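Hi,

Here is the structure I promised to send over. Have a look at it first, and then read on for what turned up.

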Amino acid sequence: MVEELVALSAAEAAERIRRGALRAEELVAACLARTRALEGRLHAWAFLDPDYALARARAADAERLEGGPVGPLHGVPVGVTDLLDTADMPTQRGSPLHAGRTPSRDAAVVARLRAAGAVVIGKTATTELGAGAEARTRNPHDPARTAGGSSGGAAAAVAAGFVPLAVGSQGNGSTIRAASFCGVWGFKPTHGLIPRTGMLVRSRALDHVGLFARSVEDLALLAETLAGWDERDPDTRPRARFPFVEAVATEPPLPPLLAFVRTPHWERADEATRAAFGELLARLGSHVEEVELAPSAADAWAWHRTIMDAELAASLEPEWDKGRARLTPALRARLERGRRVRALDYQRALARVPALVESLTELFEQRYDALLTPAAPGTAPPAPATGDPVFATLWTLCGMPAVSVPLLAGADGLPLGVQLVGARGADARLLRTARWLVARLRAEGLGEAEAGD
């Protein structure tokens with residue numbers, strides 16, 4: 001019974017709860033049983049109170065029975081990164097400097113989850129202040145390997161069946177590579193699509209909320225729930241609510257055409273990854289073309305580092321002033337580097353991003369539905385390192401939506417994600433293209449299941 005329940009998608013679980021075929025308490029109890037069996041090896045949770053989680057589930061059941069509002073995620077258990085504020089649970093941000101911290105109000109996305117009826121059952125583990133070089137969470141496919149960072153806890157919780165949905169973050173590659181390593185779907189939306197109010201700010205220019213699920217339909221459901229304007233996040237803007245679920249369920253008007261992009265760092269992909277992508281391109285045939293990026297793109301990784309280092313040092317100045325001796329040496333060195341960034345170099349890096357975005361946008365306007373590239377250089381490396389974000393950096397810098405699709409496996413049998421990147425604002429179209437890609441490859445005998453073989 002536990003195995004059946006924890007395998008349910010969020011959409012399936014919500015539908016069963018809505019019609020009374022499943023109680024939220026049953027589903028949360030199954031997720032907690034799964035957690036008891038595996039958490040000692042995986043360390044996906046930063047905070048979890050099973051009794052409280054069950055109490056919230058019982059409250060959701062009672063609300064439904066009493067005729068109260070039933071939202072799209074009513075009774076569905078969700079995990080949220082320890083970087084997001086929760087008024088009823090500690091938010092300690094992966095650092096002893098914030099031990100015992102309990103905020104007075106929920107982050108915007110947490111409030112939206114609760115309004116949709118979700119049961120936020122716990123806080124998933126993150127790296128130190130979301131910027132550390134090591135992570136305690138282990139990979140469900142091989143506990144000797146990392147689950148990634150800084151959202152490895154969220155990715156591992158979904159992959160292990162602790163929750164069907166989780167919310168993380170990305171300032172470089174935290175969502176995309178964690179999803180790739182753990183063999184789940186990971187989605188980094190357009191910058192500003194989902195508000196970051198109540199999330200630890202590391203870089204206003206680069207911070208994104210990230211989403212994890214076991215299907216693209218669940219990603220669409222979660223994105224539809226969380227997207228929208230928040231007056232407290234200056235990078236969001238008023239917009240009509242977009243029907244992600246409906247859009248993803250429709251067939252593309254024409255078969256999509258993908259642009260395979262090696263990026264200037266293709267040599268950092270390991271041999272097995274290069275071979276797997278060679279086979280993927282052969283299977284896609286006329287549906288993919290190789291494209292070279294504009295020469296200016298080669299500098300994007302340096303621009304990202306300049307912006308991230310400077311903004312991280314500024315954002316974490318209180319931690320620097322009050323507790324630098326308690327920071328790990330790696331993070332302390334990173335903040336020292338950021339404090340040395342010249343204002344001219346920082347402003348110059350920021351100023352060059354719009355032209356780069358425009359050059360990439362032209363690819364979509366000309367003919368392509370999405371860009372295709374690895375989500376990570378290879379499968380998950382040994383813990384506690386979090387892995388190389390190099391294949392996510394460019395798209396994070398440009399604020400473009402990206403999704404990691406659990407399609408491939410490395411030579412060691414561990415998951416290897418395929419990353420699709422869309423034009424800014426074309427998030428639903430990107431997810432629809434990802435669904436098409438999976439369906440296309442399943443028809444040819446290559447699909448999501450192979451990522452877990």
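Below are some notes on a pair of helices and on a pocket. Keep in mind that this is a predicted model.

Let's start with the helices. Two packed helices are described by the angle between their axes and the distance between those axes. Here the pair is H5, residues 108–115, and H8, residues 216–226. They pack at an angle of about 110 degrees, and their axes are 9 Å apart. Angles of 65 to 115 degrees count as roughly perpendicular, so that is how H5 sits relative to H8. The crossing of these two helices is right-handed.

Which residues make the contact? On the H5 side they are Val109, Arg112 and Leu113, and H8 brings Leu222, Thr225 and Leu226. Sorted by type, the residues in this contact are four nonpolar, one polar and one charged.

Now for the empty space. Rolling a probe the size of a water molecule over the atoms shows where such space is left. The largest pocket holds about 640 Å³. It is lined by 30 residues, and the closest to its centre are Asn172, Arg177, His304, Arg334 and Pro389.

H11 gives the most, with six residues. As for the type of residue, the lining divides into 13 polar, nine nonpolar and eight charged.

Cheers

Definitions and conventions. Residues are numbered from 1 along each chain as its sequence is written. This is a predicted model: local features need pLDDT of at least 70, side-chain atom pairs count only at pLDDT 80 or more; totals for chains, interfaces and linings use all residues. Side-chain values use heavy atoms; hydrogens and water are left out. Axes are lines fitted to C-alpha atoms, for helices over the stretch in contact, and angles run from 0 to 180 degrees between N-to-C directions. Helices (H or I, at least four residues) and strands (E, at least two) are DSSP runs, numbered from the N terminus. Angles under 35 degrees count as roughly parallel, over 145 as roughly antiparallel, 65 to 115 as roughly perpendicular and the rest as oblique. A crossing is left-handed if the near helix is turned anticlockwise from the far one by less than a right angle, and right-handed if clockwise. Contact means heavy atoms within 4.5 Å. Ala, Val, Leu, Ile, Met, Phe, Trp, Tyr, Cys and Pro count as nonpolar, Asp, Glu, Lys and Arg as charged, and the others, Gly among them, as polar. On a 1 Å grid over the protein atoms alone, a cavity is a set of points where a 1.4 Å probe fits but cannot get out, and a pocket is an open set with protein on both sides within 12 Å along at least five of seven lines; lining residues have an atom within 4 Å of a point. Grid points are joined across faces, edges and corners, and a volume is the space filled by probe spheres set on the points.
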